[in-house]
Amino acid sequence: MKKSIQFFFLFFLFIVLSGKAQSVISGKVLDENDQSLSGATIMISKDSTSSILAYGISDSSGNFNIQLKTNLETLFLKISYIGYSTRKQKIQNKDQQLEVQLSPSSEELKEVLVEARIIEQRGDTLSFSVSAFKDQKDRVIADVIRKMPGIEILPGGRIEYQGKPIQKYYIEGLDLLEGRYSLANNNIAADDVSKVQILENHQPIKLLDSLEFSDRASLNIKLKNNVTTSGTAELGTGFSPLLWKVKVTPMIFTKKNQAIITYQSNNTGSDVSREIRDFSISDFGRQEFSINKRDWLSIRRLAEPPFSQERWLDNNVHLGSVNYLIRLKKDVDLKTNISYLNDAQRQIGNTQTRFFTPTGTIELVEQTNNDLFFNTLQSKFILERNTNDNYLKNELEINGHWDSQRGFIDSGNSKILQRLSNPFFVVWNKLRMLKPIGKQLVTFRSNTGYTEANQNLNVNPGQFEALLNNDDSFSEIGQAVNSSTFFTDNSAGMAKKISGVTISPEVGFSLQNQHLKSRLAIQEGTRGEFLNGDFRNNLDFLSSRIYFTSRFVYEKDTWNFRLNTPVNYRAFTIEDFFLNRSQDLSRLTFEPDFYIRNKFSAFWETSVSANYSNDFGDVSRMHYGFILNNYRSLQRYNSPLPEDFRQRYNWSLTYRNPLTSFFVSTSYSYSNTRRNLLYSNLIGENGATVLEAVEQDNNLQAHNWNAKASKYFSKLNTTLSLGATFSLFKGEQLLNQRLADVNNENLSFDLKLESEVTDWLSTSYSGNLSFLKTTIEYRAINDIETQQHSLDLFFYLAENQYFSINSEYYFNNISEENRNNYFLNLNYQYTFLKSGIDLEASWNNVLNTNEFVRVSNNEFAYIQSTYRLRTSQLLMSIKFTF
Amino acid sequence: MKNIYWILFIGSISNLSFGQESVTDNFKYKATYELTWQIDSTDTESIQHETMVLFIEDQISRFSSEGHHISDSIQHVYKNRERTPQSFSEMRSKMPETEFKYYIDKNLASREQNFKEKIVKDYYKYAEDLSGMEWEILQDTGKIAGFSVQKAKASFAGRNYSAWFSLEIPIPDGPYKFNGLPGLILKIADEEEYYVFELIGFKSLKNQIFNTESGEEYLETGKNKFREIKKEYEGNPFAALERGGITFGFEPGQKEKMMKEHKLTLQKQNNPIELEEKR
């Protein structure tokens, strides 16, 4: 301030010397209470009607300072402030200090009217309008959706928004496909869609809307027309051998009826089942009975390569699916989804297993040749009523699997044939109902179902001769398993908000009755014999649970708290009439779960969680007699019911600075599981394993740490990401009757670079280096080192064509041959701009690499599996919408 | 010793985020301007119009596009409503389109103005001194929307402007960042008339208006840094989104193709209101 005054004086002197009169008028503006007024305007003019000569605006302490150069004798001063009467006065033209007090005025300012403007409809937005995102290459809506900010379509087809799976996939507000939305997503023509809407924090149940906050988003496809008939078709062929690929998906959408039908067939390794995969989100934290197919018996399979199955899967698949929705009346929908899949797959390769036993190393080589046949019929009927005061959803699902497998193994000195029939059936009904009772909203849930698996495994020649046939060889062994499960779970719960805390108590009762019957038979020539004693099961396993659980959620400012407090009373009755064994158990358990998150600044966020849980085994981990699970594994659990008590803690910290485009996050978790059973493995000279449970308390400990960082370099148009993870697993094992501590350590590093080199070339590189180290108390085992690198180059030849090169390299230090695996694929696409037809040519496995080798480990073995890949082949396809 | 710096660092960040001033919703006056601008200096076909609003309280004011103000108000209302696909599309259909998604909050008492804009999911702001404009009052007078006005001249951010202000509204404020005349600026245009703001309405507010101030923490940055971030975003929105923790599942080449188209659009947007200052 002082400086400016000095400056003023200098300035003033200068002006005086230059010949014109210069004066400084300064002062202070006050309101009626002698408080300073800032922002008042002070104008100086010749008289009341002439224009302004000079002006000032009062500062935060009400002061003003105006310099003017004029030869006038007197000046007209006008001081105004909005809402106050204007002060006008005449002053002398000389340096002076003024104090001006203004008084409030009720005089209103003149108004001018604005004509009300018609609000424009929201047009294309970056995030939601299809046309903004669609380019000529895009055919189906998935092509467009995956470009939208925040939306990610995972390789399996699941859609995530902001990293969380979406809750619903609506078409015109109707939920035709439930979780199997890939079918719509991959087949609705992008041209038929006007908008894709993301419904953030969407609560699909209208009744719950104001009560229960949802942090999930849903997606709605808005079509251009009221009645849309559309579809996509893809035809492809190639060699060698002769390849085909057919996909036809017609569909129709009206306001009340929606249907999507699809038929797909190929022998190119394309996975068609991904389109009918279910991505429904089951209710959070809810223990549900699994209706997934469960196989008791298996043939030895080969570990599948980690890359796209089009490069290794030898298949011959047919899929038909019909999905139909009808809106019966307002807010009541009936949905039917029926699909049938038939697939024949072939796997060829070998597995080398190196077992580390206390007395030495056992090497086992298995040349494997498998044929797998799948026959699956799935049907689902859903009735849903969703109004503002009522919600009901009943789902009935009936699935049948008629699967069979055939496997041939050559292990050098023996040739083994395995034949498996592994059908599975399930009927399941799920009801969810919301009803207001008094002022309270109560949720009723009822889950009831039945599953059945009658499976058979036959192996020639017979195995486990010592155990089963007094060391005499025999021609065939047969295992039959008949298992069935009935379950029901019924509960009532509600949600209430009390001073900011949402409390959701729930009570329920569940019952599960499992029955297991199994027999093992050996056959020599025409003479067959069922084995008795420890080789059969006739088990009834009844478990019941009464539970009371409360969930507390509190969110305020930057804090987020969540607490679950389930109390369970469980009772088990297990009885095998035939073996004359039984046990009863009842337990009262408390299994709390706690989570806190705090965003403690604009850049930092941290969270802590802790939980404690008890797990009890079911019939698959509790049967008194042996079952031959595969040709070289016999298992039984002639022990008390398994009880695991697990504690788990997790901490994470994230720093994200958008100003510098720099992100770092780290997290650590620790878990400790106390178990009452130890599993004993008895490995024979030929790798045949007998697994039994032994009653002995033991602990499993796991530590996991990971860190990630990424930085964008704007000058280079490049994003660099680095990551590291470390995990440590400690436990005890009983191998060939010797107890030992086992440590598994895994350390891995990731590097990723993505760069836009020029307008016509973009490139990305990713690399992974990982070390696996197993330490068994009595011996040291070599570390496994694996590497994985991939480099992709993308060229824009012209607006309607592109060309890409994908290359990959895999390395492991264990294999004696084939340590290095190289792959190269080329892809070219041409689009006919006018007709919108895509032509695609791909040359997969250019180097004709015929095998892929990967190495993994478990507590006592290295497993090196080699998988025969599809040969180098060329595929041409044409894709169009109709 | 290191720890101390660490704590200081964290402390300064939290200060930064809690130090934001709150704009009240008790605005007394609303001035409405029509903005006419030409985004591509080489193409007169690119002239566009948009309605802008200036809300004025005693010491503070908030300037934004009308569309942006309405969109934010609608979102505030729908925040507490039921979220069904229908209500969502209803909301989105009510939300007007706007080309300008910033707010300019001026504080006459502290002589400071804050430019606030959300990019992807981060809220940025930068502060500038209000006294930066040096006006030369001219003798030309006239009438705009019924108010007597006088002309003044100043240059700002690489352009020379002529403004018409009215002593009848003794508020030293104006559209965009323009301020500092002894009356409200009713019209302002640069020499080339690439950007023209003209008053189309002025009224006293009888009822409260929505406080569109978001509860979010603003990342405080400098003007140059903000322009850099914005430029980066406009240059490659996908990279910016990815850096914001939003991931894309592009098919190979999809992104690159979109970028190509995007660059063409960018070439046509060559005429921002504030030109790069030549130093």
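Residues are numbered from 1 along each chain as its sequence is written, and chains are lettered from A, with ligands numbered from 1, in the order in which they are written. Because the model is predicted, local features need pLDDT of at least 70 and side-chain atom pairs count only at pLDDT 80 or more, while totals for chains, interfaces and linings use all residues.

Chain A is divided into domain 1 (2–101), domain 2 (509–713) and domain 3 (729–882), with bounds that come from an automatic or database domain assignment. The centres of domain 1 and domain 2 of chain A, taken over C-alpha atoms, are separated by 82 Å.

In chain A, strand β43 (residues 784–798) and strand β44 (residues 801–812) pair in the antiparallel sense over twelve bridges; strands (E, at least two residues) and helices (H or I, at least four residues) are DSSP runs, numbered from the N terminus, and two strands pair if DSSP finds at least two bridges between them. β43(A) and β44(A) form a hairpin with two residues between them, and A:H789 stands opposite A:Y809 in β44(A). β44(A) also pairs in the antiparallel sense with strand β45 (residues 820–832) of chain A, over eleven bridges, and here A:S807 has A:L824 in β45(A) as its bridge partner.

In chain B, twelve strands form an open sheet of mixed pairing, in the order β7-β8-β9-β10-β11-β1-β2-β3-β4-β5-β6-β12. Strands β7 (136–144) and β12 (219–220) of chain B stand at the edges, each with a single partner strand, so one side of each is left without a neighbour in the sheet. Within this chain, strand β5 (residues 112–119) and strand β6 (residues 122–129) run antiparallel and are joined by eight bridges, with B:Q113 opposite B:E128 in β6(B).

A residue is buried if 20 or more other C-beta atoms lie within 10 Å of its own, exposed if 12 or fewer, and partly exposed in between, with C-beta atoms placed from the backbone.

A:E107, in the loop between β7 (96–101) and α2 (130–133) of chain A, is exposed because 10 other C-beta atoms lie within 10 Å. A:G478, found in strand β25 (residues 476–494) of chain A, is partly exposed, with 19 other C-beta atoms within 10 Å. Leaving aside neighbours within four places in sequence, A:G478 is in contact with A:N456, A:N458, A:A521 and A:Q523.

Terms used
Contact = placed C-beta atoms within 7 Å.
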